[in-house]
Amino acid sequence: MTEKNEDKYKQFSNKLLDWYDIRRRILPWRAAPGEISNPYFVLLSEIMLQQTVVVTVIPYFIRFVKKWPTINQLAQADFNEIASLWAGLGYYRRAKNLHETAKIISTKHNGLIPNNKEVLLSFPGVGEYTATAIMAIAFDKKANVVDGNIERIFSRLYKIEEPLEHSKKKIRTLSNKYLPCNRNGDYAQSLMDLGSLVCIPRTPRCKSCPVIFTCKLGGRADAGLYPKRLPKKSKKQRYGIFYLLIDNEGSVLFRTNKNERLFANMDVLPSVGWNEEKENFKTSPKIISKDLALFNLDWEILETKINHVFTHFKLDCTVVFFRINKKMTKNLLINKEYRFVKKKDFNQLAIPSLINKILTTFEDKIY
Ligand code: SF4
């Protein structure tokens, strides 16, 4: 590293840290200036922030630490309660991983988050980014934390022409050179804040940028076009049928989704399909006995379609509705995964946002 470059890197981190001291975002998991972050708060927030934006995570984080102020308390919690507080945050596998990680830390590490990246990487749900962020923010270790915000900043600083999908390694090598010798946690968070507040996706606010002096695209009209991307593949369309089955007391039939990737351990409406072929209303969820021939009943196919977008596909949902009488409820062969739940008790369930969307759309059917 030449002396000139070294000065450039130092100047970059100094300017950024000065800016951070004044402009930093106040976030509930962050330590006050000069204080050390609570490693449990860092771990919890980093897991919640995987694929989820800060503004969405804040109320969930506050509810979690109010209910479980320490990792030992989280480890001892009933998973259904965790899933219930997680509901709406999406990617529910993270809630399961978080609980498993908390149990391991509580039992094998005396309730202390390990100050060791390799050990962190061995925990469920903790990947390269999360482990690196914890090392920097919770333990102030020199660690090259690179997320989408930081990739955007470096591809603009260097005006990288290759699509981001092909330039990630290059960006990692470049960003590594800028790591300062101290204030590692603050430096990582200052880059995150710069990406969220100033070097934003389409319209970077270069006039307010503390590192414009070294940016190849600083102040240029085309800065927002970086990082370059490969053309997007369109998401596959899938179709599903959801069953809104209501008993004569107004309770809705729910199923607890066991051991499945999507909506794992969440409370869902019975459904079939989820295929690329349009599902006709001819198949029944497994709970409904053929003998009872419920499909010969007068199901109402609700007109309003619900559309939901997942990471890899779009789902077109048809909802069918039936109000079942007491005698039929008794006869219904329901396995233990199924139960009728009153509307007033929905808040005790872990209901994914898609199911919430269906229940809200058709709430006039539920009394
Ligand atoms: S000068 Fe503009 S494009 Fe460059 S890093 Fe700052 S905000 Fe981003």
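Reply: Gln 51 counts as exposed, because it has 10 C-beta neighbours inside 10 Å; a residue is exposed if 12 or fewer other C-beta atoms lie within 10 Å of its own, buried if 20 or more do, and partly exposed in between, with C-beta atoms placed from the backbone. Gln 51 lies in the loop between α2 (39–48) and α3 (54–67). Helices here are DSSP runs of H or I with at least four residues, strands are runs of E with at least two, and both are numbered from the N terminus. The phi of Gln 51 is near 60°, a positive value in a residue other than glycine. Most residues other than glycine have a negative phi, and most peptide bonds are trans.

The model is predicted, so local features need pLDDT of at least 70 and side-chain atom pairs pLDDT 80 or more, while totals for chains, interfaces and linings use all residues. Residues are numbered from 1 along each chain as its sequence is written.

Asp 140 also has a positive phi, about 55°, and is not a glycine. Asp 140 sits in the loop between α8 (128–139) and α9 (148–157). With 18 C-beta neighbours inside 10 Å, Asp 140 counts as partly exposed.

Another loop, between α11 (184–197) and β1 (236–246), holds Pro 227. The peptide bond from Tyr 226 to Pro 227 is cis, with omega near 0°.

As for the setting, the chain has 13 helices and eight strands. Of its 367 residues, 31% count as buried.
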